[in-house]
Amino acid sequence: MNRIDVINSHIHPKTKEFFTHIGTNKTNSTVQKSPQLKNYKEVLTQLKGNVASKMTYEINEGDILSKLHNNGALSIVLNRTKQLNSLSLDMVTKLAVLLYAAREDSRVKVVVVSSNSPVAFCAGGDIKALTSDTKGYIQNFFGVEFNVNYILDTFKKPTIALLNGITMGGGVGISIFAHYRVAASDKFVFAMPETSIGLFTDVGSGYFLPNTMPISLANYVAITSARFDAKDALLSKVVTHVASRGNFDTLKATLCEFQFSENTHKDVKTILDQTCDSHGIDGDIFKNLKYIEKAFDAPNVQTIVKNLTDPTQDADQNEWNKKTLEVVRKKCPMSVKVSFEALKRGRQGASLKQVLTDDFRLGSRMVLRPDFIEGVRAVVVNKTNDPKWDPLNIEQVDDEVVLEVFEPIQEELEFVE
């Protein structure tokens, strides 16, 4: 379906103007460089078969840098700093190359992923690129990205993500599945902001959110795009360790110089335990956990809205409910319900493979809805923060339509084991 064909007259007029740029010379330059993309399955299969024996790991320029240090530590550095390391197809493909090689290469003892940005680990996927109609870009991006998420989850060698700042959306996907996730205490920010732009909480959120935190908190994170600081992230198990700025800045060097024994996991744990915290005090989110549990521990979104409008609670809960309801009402209604359904399936025991398969189906469909282009227009491009969603509110979202976006598609996600 051509996106221009799905614009409706009641959508914000600026959205139509934004649509007219799709497929023109104003389209994202990363996409323009690859007008004919290979199918991601072919690319990943070739990578798996060829890279391990030929990899030198020396990448000294571009959006991804890497080096295999003398001690066997493979350092991977996100280097798209002007864009806060937002992930392009080229970046996730390079990550796949490096990870597939490292998994099979006996020279690699541990993998350390970090960022060259002073303020961000990774702000998410390149949202603007996903608005392109370039043949295959959307499916190829999600196909490679979700395979990267999967290989990180199944990686046996120690993987360490050093999270120095903003870690959102796709940035969560390339860090949450690492064995060890270290947040810088002063600048770390975690969020899954997809309901703000008409998408859904992807990169396996339906798997890791309900498996790392109470379901009420998982629902709250997915629906409201709530931001965690380092303290909240540690308590919710989004990160495994928190390091002071001084320790954080030296941690990478330590990992890339330490002489590892055969028990690399024990070595890494020792290093992290000596330089980081593995416990903490409540941050702003956990201070409100009792309010979150009362409102967001619910069987469906309608009940959450009902809880947030219940006038019989105490004064503090009512005040918190009022402010939170205002936040929920600003999110894309379809995105809210789809994200909730994804979490529901995850907490019912879906494997990561099944969750990522669902994410691929959802991604292939949700980016074609007017809500996504409207969200990108209002939040990312014009920054007016005035999206006009369709449907306009949660009560108008048809639950059967929500279930339909989870249905199988013609070409399902394939995993390169």
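**Inside the fold**

Guide: In this predicted model, Cys122 is buried, with a relative accessible area of 0%. Cys256 stands at 10% relative accessibility and therefore also counts as buried, since the cut-off is under 20%.

Burial can next be set against the chain as a whole. The protein chain has 417 residues, of which 57% count as buried. Its secondary structure consists of 19 helices and nine strands. When contacts between residues at least 6 apart in sequence are taken, 77% of them join residues at least 24 apart.

In soluble globular proteins, nonpolar side chains tend to be buried together. Here the largest nonpolar core holds 115 residues, and within that core Leu217 and Phe296 have the most contacts. The element that gives the most to this core is helix H4 (residues 89-104), with 11 residues. A separate, second core is made up of 18 residues, among them Ala243, Leu251, Cys256 and Leu272. The buried Cys256 is thus placed in that second core.

Leaving aside residues up to four places away in sequence, Phe296 touches Ser216, Asn219, Tyr220, Ile223, Thr224, Ile304, Leu308, Trp320, Thr324 and Val328. Phe296 belongs to helix H13 (residues 289-296), and two helix pairings of H13 involve this residue.

On the H8 side the contact is made by Ser216, Leu217, Asn219, Tyr220, Ile223 and Thr224, and on the H13 side by Leu289, Ile292, Glu293 and Phe296. Leu217, one of the residues with the most contacts inside the largest core, is included in this contact.

The second pairing is with helix H15 (residues 315-330), whose axis comes within 10 Å of that of H13 and crosses it at roughly 65 degrees. This crossing is right-handed. From H13 the residues concerned are Lys290, Tyr291, Ile292, Lys294, Ala295 and Phe296, which meet Asp316, Gln317, Trp320, Asn321, Thr324 and Val328 of H15.

Helix H8 (residues 215-224) also has helix H16 (residues 333-347) as a neighbor: their axes come within 9 Å and cross at roughly 150 degrees. Because angles over 145 degrees count as roughly antiparallel, H8 is placed in that class relative to H16. The crossing of H8 and H16 is right-handed. Ile215, Ala218, Asn219, Ala222 and Ile223 make the contact from H8, and Val336, Ser339, Phe340, Leu343 and Arg347 make it from H16. Asn219 and Ile223 take part here as well as in the contact with H13.

Ile160 lies in strand S5 (residues 159-163) and is buried, with a relative accessible area of 1%. Apart from residues up to four places away in sequence, Ile160 touches Val110, Val111, Val112, Val113, Tyr180, Val182, Leu255 and Val268. Of these, Val182 lies 22 residues from Ile160 along the chain, with 7.5 Å between the two C-alpha atoms.

How values were computed
Residues numbered from 1 in each chain as written. Predicted model: local features only at pLDDT ≥ 70, side-chain atom pairs only at ≥ 80, totals over all residues. Heavy atoms only, no water. Buried < 20%, exposed > 50% of the residue type's maximum accessible area, 1.4 Å probe, protein only. Core = buried A, V, L, I, M, F, W, Y, C linked by side-chain atoms within 4.5 Å. Helix = DSSP H or I, 4+ residues; strand = E, 2+ residues; numbered from the N terminus. Contact = heavy atoms within 4.5 Å. Axes fitted to C-alpha atoms, helices over the stretch in contact; angles between N-to-C directions. Parallel < 35°, antiparallel > 145°, perpendicular 65-115°, else oblique. Left-handed = near helix turned anticlockwise from the far one by under 90°.
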